[in-house]
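Okay, thanks for coming, everyone. I'd like to walk you through one structure today, so let me put it up on the screen.

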Amino acid sequence: MVEIFLKTLPFFGLIALGFGAIKTRFFSEEATGYLTKFVFYFALSAMLFRFSANLSLSEIFDPRLAAGYLWGTTFVWGIAMAVAFWRRLDIETATIEAQVAVIGNTGFLGVPMLVLLLGPEAIGPVILALVIDLVVFSSLLVILITASRQGRPNLAMVKTVTLGLLKNPMIVSISAGLLWSATALPLPTPVNAFLELLGNAATPGALFAIGASLAGKSAERIEIAAWLSFAKLFLHPLAVAFAMFWVFKAAPYGASVMISAAALPVAGNVFILAQHYGVAPQRVSASILISTVVSIVTVSVVIALVQA
């Protein structure tokens, strides 16, 4: 476990560097916004397209892995919803809390870190986890909040969900990569070199951007944030592990990657959605901060356990 912990330290070191750059005012918040935009729309998209273009759909989609991850994630999502309703929260706040409990930073942190730690074969299961998070659970959040405000589902809500998916560069780049893969044509050498060069900027850029964004996060609603961080870092990987190994009997390697993805800290896009809808952004902000700090230890533990 110590060896894995030492391997994860450079990743969290880059996060700390971004955090320090903002706190010392060497880097402005405006610069952070542009860096995040570069990573999100260019570097990470190039990385995901290149990975997907060199994989077949069967290498990404495994029914048992998908079912196990979906089952475990839905189970913890339901627990978070139940706890929120027990505290007499409205459906909008409960939905945001449930999202915090299950959506990890798979795009910015999971893709580069898990591929390095678990091997290049990990990219297929990591992309699968990312797609499930974005397509199923982010869409579910939009549906529930919109339906709560409008009273019932309608065509406008379907349009909102569909456009949200079509505008997400991670979904677009993965889909475009798989379409290219389906042609069975190799990427031209200059194109592949270009994508590799641009994609290589995703890892340091994304980690620096995570740290920079954390510097602006508040530590309000600590008790709630602690509970949601516990659900994300402990309950989520535990539920996914149970589903993978005891319910769906998934392949051990793929299952270990999905469990590791489930152990990642809360994703920043949950805060963006909370801020967009004006629902509990402070507790989401605190959860991202707490879960990221604690995950320095917990992610190493989970990866060590699944490798064992």
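Before the first feature, a quick word on what I mean by a patch: the residues in it have over 30% relative accessible area and no salt bridge, and nonpolar side chains are joined within 5 Å. And keep in mind that this is a predicted model.

So, which residues make the nonpolar surface patch? Here they are: Trp71, Phe75, Phe242, Phe245, Trp246 and Val247, and together they make about 600 Å². Two helices, α4 (63-86) and α12 (222-247), each bring at least two residues to that patch. The top contributor is α12, with four residues.

Let's take one of these, Phe75, which sits in helix α4. Is Phe75 buried, partly exposed or exposed? Its relative accessibility is 45%, so Phe75 counts as partly exposed; the exposed class begins over 50%.

Now compare that with Thr146, over in helix α7, residues 123-150. Thr146 has a relative accessible area of 12%, so it's buried, the cut-off being under 20%. Its side chain reaches the backbone oxygen of Val142, at 2.7 Å.

Last stop, the largest pocket. Its volume comes out at about 1,500 Å³. There are 49 lining residues, and the closest to the centre are Phe40, Gly268, Asn269, Ile272 and Leu273. Several helices supply at least two lining residues each, including α2 (29-53), α7 and α15 (281-307). Which helix gives the most to this lining? That's α14, with eight residues.

That's my tour, happy to take questions.

Definitions and conventions. Residues are numbered from 1 along each chain as its sequence is written. This is a predicted model: local features need pLDDT of at least 70, side-chain atom pairs count only at pLDDT 80 or more; totals for chains, interfaces and linings use all residues. Side-chain values use heavy atoms; hydrogens and water are left out. Patches are made of residues with over 30% relative accessible area and no salt bridge: like charges are joined within 9 Å, nonpolar side chains (Val, Leu, Ile, Met, Phe, Trp, Tyr) within 5 Å. Accessible areas come from the Shrake-Rupley method with a 1.4 Å probe; for residues, only the protein chains shown count as cover. A salt bridge is a side-chain nitrogen of Lys or Arg within 4 Å of a carboxyl oxygen of Asp or Glu. Buried means under 20% relative accessible area, exposed over 50%, partly exposed in between (1.4 Å probe, protein chains only). A polar contact is a pair of N or O atoms within 3.5 Å; within protein, one must be able to donate a hydrogen and the other to accept it, and residues adjacent in sequence count only if both atoms are side-chain atoms. On a 1 Å grid over the protein atoms alone, a cavity is a set of points where a 1.4 Å probe fits but cannot get out, and a pocket is an open set with protein on both sides within 12 Å along at least five of seven lines; lining residues have an atom within 4 Å of a point. Grid points are joined across faces, edges and corners, and a volume is the space filled by probe spheres set on the points.
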